[in-house]
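Please look through the sequence and the model below.

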Amino acid sequence: MRRVLLKFADWLQALAGPDGAYAVGRKYARERKFDLAIDIFSQAELEYVKRLGPTSPRVVDAMAQRAYCLVALGRLPEGVELYERALEAKLVHPDGGPPPLDQLRSLVADARQRLGLDQAQSRGEGG
């Protein structure tokens, strides 16, 4: 089933470009189908990079959406790293579109905190 859904996303992206893939990624994220959303946001991000450049606000938004999904799945190190890359790119165009800079900073801080707590618990420091 996952393969069929990803083929659908490929078809939609061919038809509607990265905006179509992004929309499908948002749909899957809302439905809590985070694994699918991650794959589709990645496709949208790559296409946005090709079309608009690596610091485009659309690239940043797709990265942030993908990072959200990674964190939601408990893949905290990957999510934090991606949020940090998105924040770095966002600083090139701080007013260029979603997510707002303050919101992205907050998401990065929250993800870092969750990662720190997770690491402390795995070392037996949490309680």
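Is the crossing in which helix 4 passes helix 5 left-handed or right-handed? In this predicted model, the crossing of helix 4 past helix 5 is left-handed. Helix 4 covers residues 76-90 and helix 5 covers residues 101-122; their axes come within 9 Å and cross at roughly 155°. An angle over 145 degrees counts as roughly antiparallel, and helix 4 and helix 5 are therefore roughly antiparallel to each other.

Helix 4 brings Leu76, Pro77, Val80, Tyr83, Glu84, Ala86, Leu87 and Lys90 to this contact, and helix 5 brings Leu101, Leu104, Arg105, Leu107, Val108, Ala111, Arg112, Arg114, Leu115 and Asp118. By class, the residues where helix 4 meets helix 5 are 12 nonpolar and 6 charged, with no polar ones.

Helix 2 comes next. Spanning residues 34-52, helix 2 has 19 residues, and the distance from its first C-alpha to its last is 25 Å, close to the 27 Å expected at 1.5 Å a residue. Its buried residues are Phe34, Leu36, Ala37, Ile38, Ile40, Phe41, Ala44, Glu45, Glu47 and Tyr48. An α-helix has 3.6 residues a turn, so residues three or four places apart point the same way. After helix 2 comes glycine 53, which has a positive phi, near 100°.

Helix 2 also packs against helix 3, residues 57-72, at an angle of about 160° and with the axes 9 Å apart. This angle makes helix 2 roughly antiparallel to helix 3. The crossing of helix 2 past helix 3 is left-handed.

On the helix 2 side, the residues that meet helix 3 are Phe34, Ala37, Ile38, Phe41, Ser42, Glu45, Tyr48, Val49 and Leu52; on the helix 3 side they are Arg58, Val59, Ala62, Met63, Gln65, Arg66, Tyr68, Cys69, Leu70 and Ala72. The contact of helix 2 with helix 3 has 14 nonpolar residues, 2 polar and 3 charged. Among the residues of helix 2 in this contact are Phe34, Ala37, Ile38 and Phe41, which are also among the buried residues of helix 2.

Aspartate 61 lies in helix 3. Why does aspartate 61 count as buried? Buried means under 20% relative accessible area, and aspartate 61 counts as buried because its relative accessibility is 10%. Apart from its neighbours within four places in sequence, aspartate 61 is in contact with Tyr22, Pro98 and Pro99. Aspartate 61 and leucine 87 are 26 residues apart in sequence, and their C-alpha atoms are 9.9 Å apart in space.

Terms used:
Residues are numbered from 1 along each chain as its sequence is written. This is a predicted model: local features need pLDDT of at least 70, side-chain atom pairs count only at pLDDT 80 or more; totals for chains, interfaces and linings use all residues. Side-chain values use heavy atoms; hydrogens and water are left out. Helices (H or I, at least four residues) and strands (E, at least two) are DSSP runs, numbered from the N terminus. The expected span of a helix is 1.5 Å times one less than its number of residues. Buried means under 20% relative accessible area, exposed over 50%, partly exposed in between (1.4 Å probe, protein chains only). Axes are lines fitted to C-alpha atoms, for helices over the stretch in contact, and angles run from 0 to 180 degrees between N-to-C directions. Angles under 35 degrees count as roughly parallel, over 145 as roughly antiparallel, 65 to 115 as roughly perpendicular and the rest as oblique. A crossing is left-handed if the near helix is turned anticlockwise from the far one by less than a right angle, and right-handed if clockwise. Contact means heavy atoms within 4.5 Å. Ala, Val, Leu, Ile, Met, Phe, Trp, Tyr, Cys and Pro count as nonpolar, Asp, Glu, Lys and Arg as charged, and the others, Gly among them, as polar.
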